[in-house]
Amino acid sequence: MAEALLHVDGLRISIPTDDGLAQILDHVDLEIPKGRIVGVVGESGCGKSTLVRAVLGILPRAARVDEGRIGFAGEDLLKLSPADMTRRIRGKAIGFIPQDPFLALNPVFTVGTQLLEIMRWHASDGRAAHRAHLVELLRAVQLPDPDAALDRYPHEFSGGQRQRLLIAGALACRPRLVIADEPTSALDVTTQLQILRLLRDLVSRFDVSMLFVTHDFGVVAQLCDDVMVMYAGQSVEAGPTAAVLDAPKHPYTQMLIACHPDRAQDLAGIPGSVASPLKPPSGCRFHPRCPSAKPVCHGPRPAQVHVAEREVACVLYG
Amino acid sequence: MAEILAVEGLVTLLGGEKRFLRAERPPVRAVDGVSLELREGEVLGVVGESGCGKSTLGRTILGIQRETAGTVRLDGRVVSGVDPRTARQMRRDVQYVHQDAAAALDPWWSIGRTLDEALVINGVGPGEERARRIDRVLRDVGLDPTTKRRYPHELSGGQLRRVTLARVLVLAPRIVLLDEPTSGLDLSVQATVLRLLRELRAELGLTYMFISHDLSVVRLMCDRVAIMYLGRIVETAETAKLFESPVHPYTTMLLAAAPRLATGQGLHAAAIHGEPPSATAVPSGCAFRTRCPHAIDACAVTVPTLDLIADGRRVACHRWPELAPLERV
């Protein structure tokens with residue numbers, strides 16, 4: 001496997017709340033090799049967004065990193081100062097594509113003003129050079145008439161076109177990693193496929209890696225090289241998409257994929273409900289719902305083991 | 001199977017206004033000449049991208065949106081052409097489950113009061129009879145009867161769906177219009193809600209119109225599927241036939257673009273052209289012609305009729321005889 005660009009090791013994050021300490025992330029491992037698209041999948045509340053916020057350095061003020069490191073291009077992002085994160089990492093070395101293209105653009109400024117601001121913040125090449133670079137990017141994201149587009153307002157673009165603008169924004173400062181947070185969940189399927197194709201092409205053309213957050217296994221199957229599955233703040237299984245989707249190993253992954261309408265003939269669901277981060281079960285957080293749970297699952301969280309091309313955190317494979 | 005509900009040439013115009021000293025703003029033809037039938041006990045899927053008019057079609061059939069033209073027949077009796085209040089009375093057998101369960105429930109009302117209101121409006125009494133029906137319907141949808149003392153914010157997304165289902169089932173409808181019944185639900189919760197819908201249909205002998213944009217769910221749940229594009233139905237067929245061999249070019253494109261849980265599907269295999277035009281500027285003739293790889297000049301002139309073809313499906317395309325090896329009936 002290629003050298004990892006992003007390397008999250010045993011990340012644990014908790015946030016104090018009125019009801020006690022919420023242990024949002026409890027040991028997350030993630031590896032994004034250079035030039036690959038890695039999907040992060042999980043149900044709501046599993047900690048996908050907290051993981052993304054940790055990488056971007058925009059955790060809520062009260063959040064506490066208890067353990068772990070986020071290695072990116074040879075540095076630990078958790079050790080950088082907020083100023084460093086703002087100046088060198090967020091928006092520059094790591095680009096971000098938001099979920100809702102209808103909310104992410106300010107309706108009262110032209111898209112050119114908004115996209116050029118990102119570049120003015122991070123580079124000092126001068127306005128003309130920025131504009132030329134941006135027009136080139138808009139051409140790369142296949143936006144019709146890129147020069148005129150910069151002087152138009154967000155409402156003049158369709159949802160798919162707005163997402164293209166935001167993708168251009170994410171690429172504006174020549175990032176090495178792009179984080180996309182469910183970038184197509186607000187789009188129709190035909191538009192979604194066009195955006196996924198575009199992302200796939202841009203990843204090889206601009207030589208970036210991508211962290212793609214989604215809850216849709218179908219989209220993972222279409223786009224991602226690798227996939228990491230999260231449950232209640234723990235990473236449970238990670239590996240090449242085909243291996244994980246065709247023959248999942250972790251009981252949670254197996255049961256979740258069996259809930260997908262393409263596979264689910266009996267619609268079994270998963271008994272029980274997701275563990276609360278306020279009072280999480282000890283050890284593997286899935287054990288209260290797991291049909292293969294043993295007494296040892298209550299103990300320390302199982303270490304990741306390498307089985308059939310992928311990493312699994314489950315005692316069944318220990 | 002016997003026909004239970006049928007619509008013919010249904011047209012619903014939305015909006016539009018005359019403006020002082022300015023050009024009139026024309027209404028949007030949200031539903032534009034839709035004909036379809038619902039057979040007793042079946043699940044009919046209505047599929048299309050956002051803005052294609054599938055929700056408006058549901059609301060018009062329900063009677064809360066008045067049709068501009070066309071007829072709705074329930075058990076062979078015409079129930080259209082009347083004001084919405086009368087329409088709802090005539091169509092009491094048809095009930096609707098809103099797509100956003102949290103928005104459909106009053107946060108200040110307990111679940112029991114919400115369910116009771118539905119019965120009071122429909123003249124069910126006395127109080128003990130209503131209470132008995134509420135307890136039974138809560139058990140039917142897999143909730144504990146004590147749920148009636150709780151409030152919407154205390155319930156999870158899956159439980160809220162069950163409450164919105166309970167609210168219509170308490171009225172003992174025969175037809176339930178489900179508008180995106182699992183949108184916004186997690187995969188594991190979606191599976192349990194879909195299973196509940198299946199069980200309720202079998203137990204209570206319901207007929208569903210299942211409005212959705214998720215083709216995987218539709219394939220699993222529906223007996224027949226109608227595909228809509230910009231206010232018109234372009235193809236209807238039995239689910240298995242539609243997914244195996246789509247005939248209309250739009251159906252072909254939609255199926256090719258839909259994400260499936262199959263690895264190695266190839267991101268670039270399907271031909272996708274353009275984005276859907278705005279509902280305020282529907283192209284002349286066949287609305288799909290601007291994105292259709294098979295479009296010819298004739299497609300811009302006349303709206304294709306929904307032809308019945310050999311394997312029981314209907315297709316609205318000028319060129320289907322060349323695209324499909326099937327015969328007209």
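User: How many residues of chain A are in contact with chain B, and how many of chain B with chain A?

Analyst: Good place to start! This is a predicted model, and in it 37 residues of chain A are in contact with 31 residues of chain B. A pair counts as a contact when the two C-beta atoms lie within 7 Å.

User: Which element gives the largest share of the side of chain A that touches chain B?

Analyst: That is helix 7 of chain A, with 8 residues. Helix 8 (217-223) and helix 9 (241-246) of chain A also give two or more residues each. By residue type, this side of chain A divides into 16 nonpolar, 13 polar and 8 charged.

User: Why is chain B called as compact as a globular protein of its length?

Analyst: Set the value against the rule. The globule rule gives 20 Å for 329 residues, and the radius of gyration of chain B is 21 Å, which is close to that, so chain B is as compact as a globular protein of that length. Chain B has 11 helices and 12 strands, and its C-alpha atoms fill a box of roughly 65 × 60 × 40 Å along the principal axes. Of its 329 residues, 46% count as buried.

User: What is the phi of A:Ala308, and what is the phi of B:Leu21?

Analyst: Both are positive: about 40 degrees for A:Ala308 and near 55 degrees for B:Leu21. Neither residue is a glycine. Why mention it? Most residues other than glycine have a negative phi.

User: What makes strand 6 and strand 11 of chain A edge strands?

Analyst: Look at the order of the open sheet, whose 8 strands run 6-7-8-3-9-10-12-11 with mixed pairing. Strand 6 (94-97) and strand 11 each have a single partner strand, so one side of each is left without a neighbour in the sheet. On average, neighbouring strands are turned by 20 degrees against each other, direction ignored.

User: How do you know that strand 6 of chain A pairs with strand 7 of chain A?

Analyst: Pairing needs at least two bridges, and strand 6 and strand 7 (residues 177-181) of chain A have 4, in the parallel sense. Within this pair, A:Phe96 stands opposite A:Ile179. Helix 1 (residues 48-56) of chain A packs on the sheet, touching strands that include strand 6 and strand 7, and its direction makes about 150 degrees with that of strand 7.

User: Which domains does the assignment give for chain A?

Analyst: It gives domain 1 (4-93 + 175-317) and domain 2 (101-174). Their centres are 29 Å apart, taken over C-alpha atoms. The contact between them takes 14 residues from domain 1 and 16 residues from domain 2. On the domain 1 side, helix 7 (residues 189-205) of chain A gives the largest share, 6 residues.

Key. Residues are numbered from 1 along each chain as its sequence is written. Chains are lettered from A and ligands numbered from 1 in the order in which they are written. This is a predicted model: local features need pLDDT of at least 70, side-chain atom pairs count only at pLDDT 80 or more; totals for chains, interfaces and linings use all residues. The radius of gyration is taken over C-alpha atoms; the globule rule is 2.2 Å times the number of residues to the power 0.38. A residue is buried if 20 or more other C-beta atoms lie within 10 Å of its own, exposed if 12 or fewer, and partly exposed in between; C-beta atoms are placed from the backbone. Domain bounds come from an automatic or database domain assignment. Axes are lines fitted to C-alpha atoms, for helices over the stretch in contact, and angles run from 0 to 180 degrees between N-to-C directions. Ala, Val, Leu, Ile, Met, Phe, Trp, Tyr, Cys and Pro count as nonpolar, Asp, Glu, Lys and Arg as charged, and the others, Gly among them, as polar.
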